[in-house]
Amino acid sequence: MSLYLGLDSSTQSLTAIVLDVDGNRTEAVFESSLQFDDALPQYGTRHGVLPRSEPSVAVSSPPLWADALDVMMARIAASGLDLQRLEAIAGSAQQHGSVYFNANAASLLAQLDPAHRPGAQLAPALSRLVAPIWMDSSTSAECAELTAALGGSTTLAERTGSRAFERFTGPQIRKFFKTDPAAYAATARIHLVSSFLASLLAGHDAPIDPGDASGTNLMDLATAQWWPAALEATSPSLGRKLPRIAPSWTIAGTLSRYWQRRHRLPPARVVSWSGDNPCSLIGTGLVREGVAAISLGTSDTIFGLMRAPRIDPTLTGHVFGAPTGDYMGLTCFANGSLARERVRDMFGLTWSGFSQALAATPPGNNGRVLLPWFDPEITPPVLVAGARRYGLAEDDGPGHVRGVVEGQMLSIARHSKWMGVEFDDIRATGGAAANREILQVMADVFGAEVHRFAVGNSACLGAALRARHAHAVAAGDDVSWDDIVRNVAATVDPVQPDPSRHAIYQELMSVHAACEAHALGRGPARAM
Ligand code: ADP
Ligand code: XUL
């Protein structure tokens, strides 16, 4: 009866899912995706990132994200769905990225001309033409300054859920203030990618939800409000430049006149957007503690719901707010899909050739280890990119294929122990979850059954489910998260672990740890 739209603006692509909800029955009636590089080549992105002169810098384009939304809305308008039944829209976006508006933005957002695309119209509203994104690792100096000003890494982690991370928004804002103080002074509003896109839909400033605000190093986890000391340490008048933080189910407004006129859409409710990982938590049905999901997207992430925040004592992982009002633990690995693609392309393979090479090589890779840090890595922190090879010849294609996947899975397993989750059941999502051979290595490394989903993009599905939840809350309906995700985040076709292969990987954990320690300059070479 009622339609709910979920959008996911990720690193490389924009996806939309429309759910049709009738009583207890929920059906996905529309799903569509576009790659930024292909759909809007005039912006010149590669894998969603603008060309970069320094490997540590990663920026993208807010007008590109806006135009992508326009292309997708046109597809939805042409879908044949009865859109008068569209009740609410919510979104998911890559986390940590920031968009800088000047004083023109408020009036421009409210008065976009429906005859034209939004991207070029928005350009005069920006005090910074580009947006730093989560792949940026260029703010080590600012991280050190904020850590010192706020009482050290442990205090920062206890207060905000994470120690200072280069890609987090607070250090990024501080770098902008230091390098371009005039443009910073001309900035009236700083949005996250999520709240920028929600604002664009509503035609005015939308709030930030605690799921995405906790990726800034600026939110007090206990109150889910900005932490004044962190704002003060970051840059002048920051409190006035940030939107408010409000619960994930907040209704930010109604779809603006621009979208209603341009695509003949109804005045549906615009729900607060959140980060892709918090949305994925809902889309994988993780509304209770005890189960973990692994997302194999541009980044690889492992996450699970937490009722109370438990900080990672090793300070590699994060505690974020969850869209349920609870918390979530998460560890992020930068060398995810693009590292797998790098190996695939280095040896001229297709994904099917990649899978065949995996199937043809022995678990444990005869002791050969690859630490696939082709780009700067987040976990463990590696600022100088470069793959590290142990016993692996540079021309050994099959050894690299197994090496990249095993290196990633062993790293995920080792660096997620702090979450204290029993891994007998893992939910796999993200683009590479389509690859059964990769999931087999995951099942064998963790000794866990790995479930996949009927709907591939769990962040987008989670956004659509959040739209439904927020609409119900606004209507005064008493709806539980268990009801929202029941039968929707349905798993299919589990991949079973093999006990003998799991035993091999248990032995390999210490070898992998020794290689990592050596590569980080903290251990001897003989450990290999
Ligand atoms: P994001 O949402 O972070 O932009 P996705 O979750 O959509 O990314 O995943 C995109 C990635 O999925 C691509 O970069 C590609 O490497 C990977 N991918 C797609 N199909 C396969 C496959 N069959 N095997 C392995 N990886 C795949
Ligand atoms: C999480 C992270 C990435 C981005 C992009 O901390 O940086 O997962 O959200 O997907």
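A polar contact is a pair of N or O atoms within 3.5 Å; within protein, one must be able to donate a hydrogen and the other to accept it, and residues adjacent in sequence count only if both atoms are side-chain atoms. This is a predicted model, in which local features need pLDDT of at least 70, side-chain atom pairs count only at pLDDT 80 or more, and totals for chains, interfaces and linings use all residues. Residues are numbered from 1 along each chain as its sequence is written, chains are lettered from A and ligands numbered from 1 in the order in which they are written, and side-chain values use heavy atoms, leaving out hydrogens and water.

**View 1. Polar contacts of ligand 2.** The side chain of His 96 places an N or O atom 2.7 Å from an oxygen atom of ligand 2. Arg 167 brings a polar side-chain atom to 2.8 Å from a ligand 2 oxygen. For Asp 276, the distance from a polar side-chain atom to an oxygen of ligand 2 is 2.5 Å. On its own, ligand 2 has 290 Å² of accessible area, and the protein covers 97% of it (Shrake-Rupley method, 1.4 Å probe). Helix H14 (276-283) and strand S17 (327-333) are the elements that give two or more residues to the shell around ligand 2. Helices (H or I, at least four residues) and strands (E, at least two) are DSSP runs, numbered from the N terminus.

**View 2. Surroundings of ligand 1.** 14 residues surround ligand 1, each with a heavy atom within 4 Å of it. The closest are Ser 10, Thr 298, Glu 341, Gly 431 and Asn 435. A polar side-chain atom of Ser 10 sits 2.8 Å from a ligand 1 oxygen. Thr 298 has a side-chain N or O atom 2.8 Å from an oxygen of ligand 1. Asn 435 instead faces a nitrogen atom of ligand 1, at 3.1 Å from a polar side-chain atom.

View 3. H17 runs over residues 397-414. Of the 18 residues, 16 are buried, so H17 is largely enclosed by the rest of the structure. Buried means under 20% relative accessible area, exposed over 50%, partly exposed in between (1.4 Å probe, protein chains only). Asp 396 caps the N-terminal end, with a side-chain oxygen 2.8 Å from the backbone nitrogen of Gly 399.

**View 4. The loop at Ser 237.** Ser 237 lies between helix H11 (228-234) and helix H12 (238-241). Its relative accessibility is 36%, so Ser 237 counts as partly exposed.

Key. The expected span of a helix is 1.5 Å times one less than its number of residues.
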